Amino acid sequence: MPLGGDRVRGRYDRVDRDPDGRVIITDYKSSDVRDPATANRRARESLQLAIYALAWEAQNGRIPDELSLHFLESGLVGRSSASPKRLARATEQMTTAAAGIRAGNFEPNPSPGRCGFCPYRQICPDAAP
């Protein structure tokens with residue numbers, strides 16, 4: 001999909017249409033989430049799901065009806081919607097990231113939340129505890 005002068009490429013994990021024609025985009029996660037409230041919060045906060053929604057809108061002229069994270073370990077599914085505010089925030093985040101990449105800005109920005117999921121945290125000199 002186009003993003004200003006940039007182009008975003010990727011693939012959806014899954015797109016379904018339910019019997020009523022509603023579009024549901026699902027992203028699969030291997031993390032172990034066992035609490036429904038946490039699953040729903042993670043779905044609401046997922047930048048990846050917001051990017052999927054923006055791509056769907058760019059390709060189909062409308063936002064999907066539902067976004068979901070399917071946690072493989074527990075089988076829980078967190079659900080959320082693609083509000084205009086959420087999509088605007090995702091667009092801003094992608095635009096900022098693209099500008100940083102073009103500028104060669106790769107300064108570390110450690111935090112327990114980001115570093116806790118990073119596969120390089122054990123060897124990274126900047127990893128947050």
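## Close-up views of a sheet and its helices

Strand β4 is mostly covered, with five of its seven residues buried (buried means under 20% relative accessible area, exposed over 50%, partly exposed in between, using a 1.4 Å probe and protein chains only). This is a predicted model, in which local features need pLDDT of at least 70 and side-chain atom pairs count only at pLDDT 80 or more, while totals for chains, interfaces and linings use all residues. Residues are numbered from 1 along each chain as its sequence is written, and side-chain values use heavy atoms, leaving out hydrogens and water.

**View 1. Four strands make an open sheet in the order β3-β4-β5-β6.** The pairing is mixed; two strands pair if DSSP finds at least two bridges between them. Strands are DSSP runs of E with at least two residues, and helices are runs of H or I with at least four, numbered from the N terminus. β3 (14-17) and β6 (77-80) stand at the edges with a single partner strand each, so one side of each has no neighbour in the sheet. From one strand to the next, the twist averages 25°.

**View 2. β4 meets β3 on one pairing and β5 on another.** β3 and β4 (residues 23-29) run antiparallel, joined by four bridges. Their hairpin has five residues between the strands, and there glycine 21 takes a positive phi near 85°. β4 and β5 run parallel, joined by six bridges. Follow isoleucine 24 in β4: aspartate 16 stands opposite this residue, and isoleucine 24 also stands opposite glutamate 66 in β5.

**View 3. Glutamate 66 lies in strand β5 (residues 66-71).** This glutamate is buried, with a relative accessible area of 15%. Its side chain is joined to that of arginine 22 by a polar contact of 3.1 Å (a pair of N or O atoms within 3.5 Å; within protein, one must be able to donate a hydrogen and the other to accept it, and residues adjacent in sequence count only if both atoms are side-chain atoms).

**View 4. Helix α2 (residues 47-60) packs with helix α3 (residues 84-102) at an angle of about 100°.** Their axes are 9 Å apart; axes are lines fitted to C-alpha atoms, for helices over the stretch in contact, and angles run from 0 to 180 degrees between N-to-C directions. That makes α2 roughly perpendicular to α3, a term for angles of 65 to 115 degrees. Among the residues that meet are Leu47 and Leu54 in α2 and Leu87 and Met94 in α3, where contact means heavy atoms within 4.5 Å.

Technical notes. Angles under 35 degrees count as roughly parallel, over 145 as roughly antiparallel, 65 to 115 as roughly perpendicular and the rest as oblique.
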